[in-house]
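Dear colleague,

I am passing on the structure below, and my notes on it follow directly after. Please read them with the coordinates open beside you.

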Amino acid sequence: MSNAASVAHDEQPHHPRLAHHFESLEQQTDSSLFGMWIFLATEILFFGGALMAYMIYRRWYPDAFALASSHIAILPGAINTAVLIISSLTMALAVHAAQTGERRKILFFIVVTMILGAAFLGIKGYEYYEKYAEGFIPGLGLEFRFPEPEYAKNAQIFFSIYFVLTGLHALHMIVGLGLMTWMFIWVKDGVIDTQYYAPIEIVGLYWHFVDIVWIFLFPLLYLIGRHVHHG
Amino acid sequence: MADHSQHHIVPKSTYYLIFTALMLGTGLTWWIATIDLGAMNNVIMLSIAVTKATLVILFFMHVKYSPKLTGTVIIGAVFWLLIMLVMTMNDYFTRDWLHFG
Amino acid sequence: MSSSTVAMPPTHYLNNGLTLKSWLFTKDHKRIALLYLVAVTFFFMVGAAFAVAIRLELATPAGDLLSDENYNRVFTMHGVMMVFFFLIPAVPAILGNFLIPLQIGAKDLAFPKLNLLSFYIYFVGSLFTMYSIVSGGLDTGWTFYTPFSTVASTSAVVPAALGIFINGFSGILTGLNFIVTIHKMRAPGMTWFRLPLFVWAHYATSLIQVLGTPVLAITIVLVAAERIFGFGLFNPAVGGDPVLFQHLFWFYSHPAVYIMILPAMGIISELVAASARKQVFGYTFVAFASIGIAVIGFLVWGHHMFVSGESVYAALVFSVLSFIVAVPSAVKVFNWIATMYRGSVSWETPMFYVAGFIGLFAIGGLTGLFLASMGLDVHLTDTYFIVAHFHYVMVGGTIMGYLGGIHFWWPKITGRMYNDLLGRVSAVVIFVGFNLTFFPQFVVGYLGMPRRYHAYPEEFQVLNVLSSAGASVLAVGYLMPLFYLAYSLKYGAIAGDNPHGAVGLEWNTTSPPPTENFKTTPVVTWEAYEYPTPVEGHVV
């Protein structure tokens with residue numbers, strides 16, 4: 001990164017969090033952010049594969065998909081979308097507070113983001129229970145009961161994809177909660193300061209990505225056939 | 001290449017503005033879903049989703065203030081996903097073709 | 001060249017910390033490379049043991065050694081171990097890990113702890129797969145096509161699939177680490193077009209790992225979901241499409257073969273330049289050819305599905321693109337040969353592996369063109385022609401490159417010289433054994449012998465016996481380096497900093513290097529391969 005002949009950097013004062021193989025905190029921050037973006041690129045391809053399966057089968061079975069989607073209660077999905085968007089705002093505000101060195105604010109916003117994330121998972125859990133009660137789980141040895149029996153077979157594919165996509169998304173959120181707990185501890189212990197807040201930014205990037213996935217899942221899973229079947 | 005833009009502090013007012021846009025977009029998507037516009041339903045709802053995602057990426061994820069390399073990574077990943085989708089659809093869309101073209 | 005008055009440096013990365021803990025919790029990329037070397041060599045032997053079983057069975061036409069079901073498990077585990085636990089990690093995780101920081105003038109990779117995590121993830125993935133072996137093995141073929149793998153197979157599909165899933169993350173994280181390192185950690189003056197071609201090759205490989213492996217991951221998740229939860233995503237009974245599995249699987253698995261060959265090609269570029277003592281002909285073309293192979297390699301996966309039910313039109317597109325992907329590889333082969341022309345080539349062990357690689361990769365690559373042609377592929381697919389093709393590129397290509405690299409950099413890694421005569425002899429034994437094993441398979445495949453069968457018609461026996469005999473020669477060839485390389489650790493001549501007189505930052509530090517790689521950060525003012533005479537004063 002440095003453009004002058006650089007020798008051992010021991011003459012300059014070290015930030016305690018500067019790793020020894022980096023020349024500067026700048027190089028370390030740039031590298032960490034770049035690394036997280038590459039990881040998010042892998043996540044785009046990961047979810048993308050499942051979305052491809054969705055696309056293929058929706059094109060093959062448009063009516064079954066529309067019907068199945070219309071049987072999913074829209075309100076919990078809409079509330080969850082709002083919850084995640086608010087949590088993205090609070091996450092961005094946490095990073096902002098880290099940049100301005102307002103420690104208590106960082107802690108506050110991390111906690112609020114976590115509460116919102118937990119709320120999302122709670123609502124999701126309730127939705128999953130509803131599916132179980134209605135007989136919409138297409139496996140686990142359970143009986144699949146679909147109101148329009150002639151579409152039942154292909155509706156199973158819709159619900160398989162529904163559970164895979166939302167399940168993977170929920171797993172990612174749980175990981176996100178773990179990462180935020182870690183950040184909370186680091187902020188509390190004074191590891192983070194106005195020079196070294198890249199970890200908060202990186203966790204923020206991850207959380208925003210999880211939000212973006214849901215931004216797509218909401219219309220794709222909940223809103224397919226709404227204009228036809230006012231389920 | 002020392003790049004100081006990664007420390008750019010986005011004003012909170014920008015965040016609130018983007019947040020409002022995202023909530024409005026969500027409401028709009030829900031409303032559109034209840035009106036029958038035929039094939040346009042999908043197009044409009046996905047366009048809103050793409051717009052929302054772009055806003056999150058540019059402002060919440062600071063890509064507008066990040067080095068070009070960041071944008072390249074995102075565009076590269078999306079492009080690669082499109083390669084997979086388009087070339088697979090190339091198979092599915094043409095399965096009924098008995099002759100070339 | 002080395003002399004008997006050269007001494008080992010007093011402290012270096014091998015003796016900097018002698019406890020087991022200092023090895024198992026190391027963050028030094030060089031030690032992590034050696035951890036991988038041990039693990040990868042072990043898994044190669046596991047995969048080779050399955051190969052021995054295959055060739056023993058196929059020495060006779062009757063299916064007498066193994067039942068058909070057991071034979072299915074044997075060839076599946078041979079494929080799984082070799083592809084995922086040997087070929088994909090070997091060059092990047094061992095030589096890439098060791099050399100990339102050295103070659104770019106850095107102290108370590110960008111994320112040393114992530115590097116160690118990659119190793120442990122690899123190790124955990126292997127535990128799941130080993131568990132699947134001891135619980136009877138997988139019988140679906142390494143390609144675990146649906147719906148057999150999801151519905152009908154009674155073998156250990158989930159543990160094996162989980163093992164591969166976990167192992168995939170090791171590759172993704174290594175690729176991520178390499179990309180960030182190459183972008184951000186180059187020494188002053190080390191511009192992109194001064195990078196060794198070994199680094200370019202690994203950059204291209206890392207792009208593939210990062211973009212392709214996640215799709216394998218989701219594919220395995222979908223298969224596991226179908227097997228564990230009963231979600232019928234590929235099950236025709238509920239309207240699922242088995243061909244969708246194949247699209248998802250091959251979208252990764254075709255680029256995966258370029259993950260296997262590109263690093264070996266990077267090695268060949270280094271070895272050719274050093275052995276011919278000449279600038280690589282067309283450096284820029286070779287660098288861009290690596291990227292070209294990585295990119296175009298993502299566009300051709302449908303050539304594995306010509307007879308699976310994909311549309312003829314899509315097959316046509318994939319076929320044309322498969323012809324095009326051969327071009328950058330051919331560019332590299334021409335450029336290597338042009339580098340050797342009028343160079344003063346020294347025929348030591350690494351150069352033997354280079355010659356073997358160029359010849360065998362050319363055959364393997366050209367037979368790939370036969371298979372890219374739809375009309376031919378309909379006849380040849382699922383026969384031994386395919387088996388021969390991919391063994392020529394993966395074994396004749398990748399393994400030759402890998403062994404050449406291990407030999408070339410052995411002095412740098414260990415500080416010792418091995419017996420070069422033994423090196424050359426085993427290279428010849430490997431070359432002879434390899435051709436005897438796999439060339440007959442082209443013939444027998446063209447004549448119609450199907451792959452993945454434990455029995456075959458009598459008229460194919462002679463060729464199969466030749467192949468099995470060749471395999472025993474090949475085994476001897478592979479075992480020999482284990483002995484003389486291990487022997488050199490204690491009794492080999494001390495290497496000195498630069499026994500080959502080669503150009504490259506890794507040769508500008510001690511053999512073995514210190515933990516921090518360089519005493520002072522190098523400043524680069526010279527081009528990539530400044531042969532035959534390095535510019536005065538560039539050795540730091």
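Directly after α3(C) comes G105(C), whose phi is positive, near 80 degrees; helices here are DSSP runs of H or I with at least four residues, strands are runs of E with at least two, and both are numbered from the N terminus. The model is predicted, so that local features need pLDDT of at least 70 and side-chain atom pairs count only at pLDDT 80 or more, whereas totals for chains, interfaces and linings use all residues. Residues are numbered from 1 along each chain as its sequence is written, while chains are lettered from A and ligands numbered from 1 in the order in which they are written.

To stay with α3(C), this helix covers residues 68-104, and its 37 residues should span 54 Å at 1.5 Å a residue, which agrees with the 51 Å between its end C-alpha atoms; the expected span is 1.5 Å times one less than the number of residues. Of the 37 residues of α3(C), 33 are buried, and the helix is mostly covered; a residue is buried if 20 or more other C-beta atoms, placed from the backbone, lie within 10 Å of its own, exposed if 12 or fewer, and partly exposed in between.

One runs from T146(C) to P147(C), with omega near -5 degrees, and P147(C) lies in the loop between α4 (112-134) and α5 (148-152) of chain C. Another joins S511(C) and P512(C), with omega about -5 degrees, and P512(C) is in the segment after α15 (461-491) of chain C.

As for the interfaces, 36 residues from chain C and 36 residues from chain A make up the contact between these chains, two residues being in contact if their C-beta atoms, placed from the backbone, lie within 7 Å. On the side of chain C that touches chain A, α7(C) gives the most, with 10 residues. Between chains A and B, 38 residues of chain A are in contact with 38 residues of chain B, and the largest share of the chain A side, 15 residues, comes from α1(A).

On confidence, the predictor gives the complex an ipTM of 0.94 and a pTM of 0.95. Chain C has a mean pLDDT of 95, with 97% of its residues at 70 or more, pLDDT being the predictor's confidence in each residue, from 0 to 100. Over residues 536-540 of chain C, however, the pLDDT is below 50, and this stretch has 6 contacts in the model beyond near neighbours in sequence. Where pLDDT is low, the predicted coordinates should not be read in detail.

With best regards
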